[in-house]
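Thanks for coming. I have one structure to go through today, so let me put it on the screen.

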Amino acid sequence: MVGRPNILLILTDQHRLSAVGAYGPTPCLTPNVDRLASQGVLFEKAYTVCPVCSPARATIMTGQFPHSHGITSNVHNLGSSVHELEDRPSLLSRRLEAAGYSLGYTGKWHLGTDRTEAFGGSNRPSLPKDVGFEGQNFPGHGGGGFNYPEYRKYLAERGLRHKVKPWTERTKLFHPMGELEGPVESTVPYFLAENTISLIDRFARRGRPFFIWHNFWGPHAPFYAPKEFVDMYRDVEIPPWPNYEWPSRSIPGPHHVKIHPDAERLTWEDWATAVRYYYAFTTLIDSQIGRILDHLEERGLADETAVIFAADHGQTLGSHGGLIDKGWHHFEETHRIPLIIRLPGGEGGGKVVSELVSLADLYPTILDLAGVEWDRGSVHGESLLPLIEGTCEGWRDMVVVEFGGVNDLAMTQRTLRWGDLKYGYNCCCEDELYDLSVDPNETRNLIAHPDYREAADELRRMLEGWMEETGDPALRMFRNAMRYYKL
């Protein structure tokens with residue numbers, strides 16, 4: 001591998017694995033991500049640290065779990081302890097900047113705003129340019145990016161417009177989705193790719209390595225795509241999710257927060273319509289990933305650039321009995337994410353890694369790629385390079401996902417996967433346990449099953465140890481709850 005390579009991190013938003021061809025059979029077309037996987041390393045058991053945008057993104061910047069960096073829900077939600085990413089030398093951007101890297105940013109931020117007041121008190125805004133990046137500087141989550149002045153200026157300069165055609169689909173499902181009137185050049189994903197391509201050209205002239213973080217506003221809703229992409233899926237059969245018939249209403253648990261309010265009157269075809277638009281939007285995004293990858297090759301930079309593709313978290317989209325959005329459960333649909341890394345020169349091309357890895361591992365991996373040391377005492381992840389290079393002499397046997405609430409509702413959940421077992425701690429109700437070896441779609445909670453009692457106790461002890469090791473402030477209350485089980 002070349003010394004001090006360029007690093008391109010491409011992050012999608014709310015991207016479920018059924019919308020990545022490299023992860024298995026699917027109607028969703030992602031030829032460019034699949035190409036990246038064929039040239040790089042695919043991590044088949046990668047997990048987010050939190051199935052919510054801001055906490056996951058803050059972990060990439062800090063290398064810490066949300067309970068440590070404090071962005072425990074989306075910024076400026078009631079469930080978040082910190083509302084703006086604090087600028088400090090240990091941030092990923094500042095560490096790379098100190099190592100001589102040019103830093104570029106594109107797209108959704110969601111780690112701060114331009115607001116000077118929060119919850120009645122003073123607020124210090126934190127945007128990409130406040131922590132060392134060049135490029136776009138959009139505040140907040142952006143709602144798809146359609147109304148930002150820079151995008152509107154881009155459209156005006158090219159005589160383009162962003163307009164959604166009148167809705168004609170026959171479905172009872174209300175969801176923000178539709179067909180765009182204009183060409184692909186009028187879309188937000190194309191606009192974002194233009195920015196990253198311009199950053200690549202600007203940085204290439206400087207003669208020093210660059211780190212560019214490219215963030216799509218999708219395939220998070222709204223699902224908008226031009227006709228050519230919508231037409232790809234108009235007549236495509238979308239099979240129901242294997243757990244679609246799960247009786248979500250009759251099973252108690254926090255997931256009730258995210259059951260679609262009209263779930264009982266919706267048919268699978270209603271959901272299939274939304275899935276088609278979701279896939280169309282995903283394929284649009286994939287096409288723009290292809291433009292960026294092609295540009296690296298055209299500039300002769302592909303062999304000098306490490307490319308990382310990942311998502312902040314997944315998406316339910318009707319699975320598990322009509323669930324929507326993310327959060328409030330322990331399920332794979334939102335916890336497990338795509339993660340593909342192509343090293344410079346395509347080292348390890350086509351390799352599949354089966355170990356349990358975490359979004360928290362990106363921070364040390366990127367610093368390792370850049371030849372920058374990192375503090376194991378304060379960083380919760382591990383570099384993935386030994387797994388990629390086949391030099392790893394031992395790896396974790398578990399991975400943890402945490403959830404602190406979203407949409408101005410708070411909640412404490414912890415999910416621990418160990419082998420094929422998944423344990424879910426719910427602070428307010430019965431815990432959950434799933435055996436993925438016999439129930440990959442997580443439809444049977446085995447927490448009270450006598451055959452799994454010893455496994456459940458062991459998983460609780462493992463979670464307690466993880467909480468203690470990482471300084472999880474929920475540890476005291478978790479231990480109080482565990483007294484019931486006499487652990």
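Predicted model: local features only at pLDDT ≥ 70, side-chain atom pairs only at ≥ 80, totals over all residues.

We start with the largest pocket. Its volume is about 640 Å³. In total, 24 residues line the largest pocket. If you want to find its centre on the screen, look for Arg16, Leu17, Ser18, Arg336 and Asn441, which are the lining residues nearest to that point. Sorted by class, the lining of the largest pocket comes out as 13 nonpolar, 5 polar and 6 charged residues.

Next, the second largest pocket, which holds about 380 Å³ of space. Its lining is made of 17 residues. Nearest the centre here are His380, Arg396, Trp466, Glu469 and Thr470. Which elements each supply at least two residues of this lining? Strand E14, residues 398-406, and helix H13, residues 453-470, both do. As for the classes, the second largest pocket is lined by 7 nonpolar, 6 polar and 4 charged residues.

Now the strands. E9 covers residues 223-226. Phe223 and Ala225 point one way from strand E9, while Tyr224 and Pro226 point the other way. Are these four side chains buried or exposed? Phe223, Tyr224, Ala225 and Pro226 are all buried.

Strand E9 is paired with strand E7, residues 177-180. The two run parallel, and 4 bridges join them. To place one of these contacts, take Gly178, whose bridge partner in E9 is Tyr224.

Technical notes
Residues numbered from 1 in each chain as written. Heavy atoms only, no water. 1 Å grid on protein atoms, 1.4 Å probe; cavity = no way out; pocket = protein on both sides within 12 Å on 5 of 7 lines; lining within 4 Å. Points joined across faces, edges and corners; volume = space filled by probe spheres on them. Nonpolar A, V, L, I, M, F, W, Y, C, P; charged D, E, K, R; others polar. Buried < 20%, exposed > 50% of the residue type's maximum accessible area, 1.4 Å probe, protein only. Pairing = 2+ DSSP bridges.
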